[in-house]
Amino acid sequence: MSLVEVAPRRGSLLRLVRSELRLVLGRRRNIVLLVGLSLVPLLLGTVLFLTQDTALDGQGPGFVGRVTGNGLFLVIASLFLCLPFLLPLTIGIASGDAIAGEASAGTLRYLLTVPVARGRLLAVKAVGALAFAASAVTAIAIVGVVAGAAFFGLRGITLLSGTTVPLGDGILRVAAVVVYVGLSMTGLVAVGLFFSTLTEVPVGAMAATVVTAIVCGVLDQLPQLATIAPALLTHHWLDFAEFLRLEPDWGVLGQGLALQAAWVAIFGALAWSRFTTADVSS
Amino acid sequence: MHSGAMNESRRTLSPRARWTVPVVAAVAVGMAFVAPPLFASAGDDGLPTITPEELAAQVASAEPSPLSGTVVYTARLGLPEIPFGAVAGADPINLLGGSSTMRVWSDGDQRSRVALLGPTSEYSVVQDGPEAWTYSSTDDSVVHYSLSAADQARFETLQEQAEAGDLPVQSDLPTPEEAGRQAVGLARTSSTVTLDSQTEVAGRAAYQLVVTPTSDTTLVGRIVVAVDATTSTPLRVQVWSKTDTETPALEIGFTDVSFATPADSVLAFSAPAGSSTRDVVVPLPETPTEATTAPEDKELPEGVTITGTGWDTVVQASGLDVAALVAGDPAAAANLPGVDKTFGSKGAADLYAEFVPEEGSGSPMGDLDTTALYDTLTKPVPEGRLLSSALLSVLITDDGRVLAGAVPGATLQALAAQ
């Protein structure tokens with residue numbers, strides 16, 4: 001354990017959280033990532049708007065075909081398209097960088113001189129990474145709903161069951177989808193944080209995090225691995241569709257959240273053990 | 001600045017102890033996820049013992065109760081792997097293999113909804129008395145099944161008669177006890193009927209009725225029906241093949257059920273704006289009295305013969321151009337034997353309507369390449385093409401005959417050669 005560490009002092013934690021949030025959300029790279037994610041609904045909306053009177057109207061995987069009929073679906077279609085790769089990529093970058101970035105820049109040992117215990121410092125880093133994940137999902141949602149309203153207008157949504165619910169109910173359901181997708185990212189943040197404590201090379205931690213999400217997604221597709229599929233990080237990600245069914249099954253949604261909680265518990269504990277026992281030399 | 005040494009002394013956990021925390025977390029998570037099913041699998045043995053006849057009578061006499069729940073259907077038919085990539089979203093074709101989840105709602109009377117769930121899609125079948133709708137979220141299409149105006153009037157008359165209790169065939173209807181005894185008696189002519197140990201399905205105590213064919217030559221090993229002890233509603237049906245004794249070849253059962261009346265909004269359906277709607281008029285069977293006459297009295301449609309008895313029954317139909325049918329040629333469908341005859345049930349009529357498209361509407365299976373599917377599912381044999389699954393074999397001969405039965409493919413081939 002390094003010798004520069006100091007005893008906790010009252011008030012330091014809040015200041016540290018504030019400065020971490022400023023750092024994460026103000027960092028130019030992270031802003032570029034958020035802008036990039038916001039471009040997804042914008043581009044998707046533009047393309048669908050331009051092609052809506054052609055034969056291609058109403059086509060596309062998942063919810064893409066429904067967007068021209070109702071702008072609210074632009075949010076869902078964008079999240080659906082970002083879930084397999086873009087969201088894990090951006091969140092992997094932010095969370096993989098959390099500790100390893102400081103270590104590679106040589107600032108980690110100075111950070112440890114702040115009178116806050118290492119466990120709490122890790123928690124602060126987790127708050128920063130979670131805040132980025134939340135902003136990423138929110139950025140897609142806000143740009144999606146604005147672009148959707150501008151291009152196609154908002155109206156009551158037709159559920160997967162064929163029932164049409166009023167606009168207010170529809171907005172609530174879409175908001176629930178956004179919250180669920182956001183919460184589905186917590187497990188990935190914990191994984192990224194753990195990898196970040198292992199290395200001083202941020203790119204390594206980022207890559208490992210993204211690879212974890214992608215490998216989980218691929219393994220989930222293999223029927224031979226059906227027995228372990230329910231434990232995979234990505235297994236319940238698409239269950240957000242439950243909010244678009246006639247009667248959302250809270251049991252299914254609960255399973256998805258419980259799975260994320262399990263990944264957070266295990267990888268959070270691993271990150272804590274590693275970070276509180278590691279020798280920090282840079 | 002405080003000294004680091006003071007900080008060290010304040011801590012009590014050694015590095016080694018710190019590394020036990022993730023291990024404890026992993027074990028706790030494992031316990032939380034794996035343990036509950038282990039405890040839940042204990043069967044309920046507190047039910048009174050009854051005979052198979054009593055159980056069958058209870059099922060027959062039970063009022064159909066309103067219910068809603070989740071049904072998991074698993075087919076391990078041993079069919080060749082179907083390229084499911086070609087099928088986007090929830091589609092009934094997925095029921096041929098693998099596991100599917102469905103949600104069901106029923107008011108126990110005339111109205112029901114069944115939704116086949118895909119990851120981000122749904123295929124719904126809504127029934128409201130004589131009307132039915134299917135809705136596929138994948139292509140946003142509605143198919144509306146209804147009776148013609150004349151049939152509708154006849155249906156309503158029958159409904160009123162049934163409510164007044166003077167249905168023309170009412171006198172022929174046996175009492176539930178008799179129906180139960182008859183059903184078990186009928187099953188006993190070709191099978192042994194026993195009760196297995198009591199079990200638990202969807203968290204409810206259930207009796208298990210086992211029907212085992214006495215015949216050695218059929219593919220069916222046994223059929224196990226789990227019946228809810230309180231409401232006498234069948235909760236699970238398993239069909240075991242002779243070849244696989246580890247897992248049932250076909251299993252459909254509730255994983256979650258509640259016997260409350262579903263909300264009205266669930267059972268109602270109106271085509272969503274912007275969807276494509278297709279109307280199909282289904283003929284009502286001519287006289288409902290026919291439905292209660294014994295099957296052997298019914299005249300078989302032209303070209304259809306039945307050989308064997310009980311579980312070894314083989315149905316043979318001749319004069320079919322299967323290849324054209326599979327390709328979705330409506331002209332070939334119109335020549336099907338018995339198409340304009342009566343259907344045994346509404347379900348059969350629906351199924352028929354599903355597979356016989358309207359003129360010019362193309363293949364009923366949408367974009368699916370049915371010819372490719374047909375070639376994948378069947379394999380060439382000297383007599384023609386054979387579809388063999390764990391429970392059923394179908395032989396399509398080159399001279400236009402179709403033989404089907406719950407017997408091995410070789411039996412069908414021998415029959416076809418006669």
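Visitor: In which sense do strand 9 of chain B and strand 10 of chain B pair, and over how many bridges?

Guide: Please note that the model is a predicted one. Strand 9 of chain B (residues 220-228) and strand 10 of chain B (residues 234-241) are paired in the antiparallel sense, over seven bridges. Within this pairing, Val220(B) is opposite Ser241(B) of strand 10.

Visitor: How many residues lie between strand 9 of chain B and strand 10 of chain B in their hairpin?

Guide: There are five residues between the two strands of that hairpin, and in its turn Ser232(B) has a positive phi of about 60°. Strand 9 of chain B also forms a hairpin with strand 8 of chain B, with six residues between them. Strand 8 (residues 204-213) runs antiparallel to strand 9, and six bridges join them. Leu209(B) has Val225(B) of strand 9 as its bridge partner.

Visitor: What is the strand order of the open sheet of six strands in chain B?

Guide: The order is 13-14-18-17-16-15, and the pairing is antiparallel. Strand 13 (304-307) and strand 15 (379-381) of chain B each have a single partner strand, so they stand at the edges with one side lacking a neighbour in the sheet. From one strand to the next, the twist averages 20°. Strand 13 of chain B is joined by four bridges to strand 14 (residues 314-317) of chain B, and Thr307(B) has Val314(B) as its bridge partner there.

Visitor: Which helix packs on this sheet?

Guide: That is helix 11 (residues 409-417) of chain B, which touches strands 13, 14, 15, 16, 17 and 18 of chain B. The direction of helix 11 makes about 35° with that of strand 17.

Visitor: At what angle do helix 7 and helix 10 of chain A pack?

Guide: Helix 7 (residues 167-184) and helix 10 (residues 250-277) of chain A pack at about 30°, their axes being 9 Å apart. Angles under 35 degrees count as roughly parallel, and helix 7 of chain A is therefore roughly parallel to helix 10 of chain A. Helix 7 contributes Tyr180(A), Leu183(A) and Ser184(A) to the contact, and helix 10 contributes Leu253(A), Gly256(A), Leu257(A) and Gln260(A). The residues of this contact comprise four nonpolar, three polar and no charged.

Note on methods: Residues numbered from 1 in each chain as written. Chains lettered and ligands numbered in written order. Predicted model: local features only at pLDDT ≥ 70, side-chain atom pairs only at ≥ 80, totals over all residues. Pairing = 2+ DSSP bridges. Axes fitted to C-alpha atoms, helices over the stretch in contact; angles between N-to-C directions. Contact = placed C-beta atoms within 7 Å. Parallel < 35°, antiparallel > 145°, perpendicular 65-115°, else oblique. Nonpolar A, V, L, I, M, F, W, Y, C, P; charged D, E, K, R; others polar.
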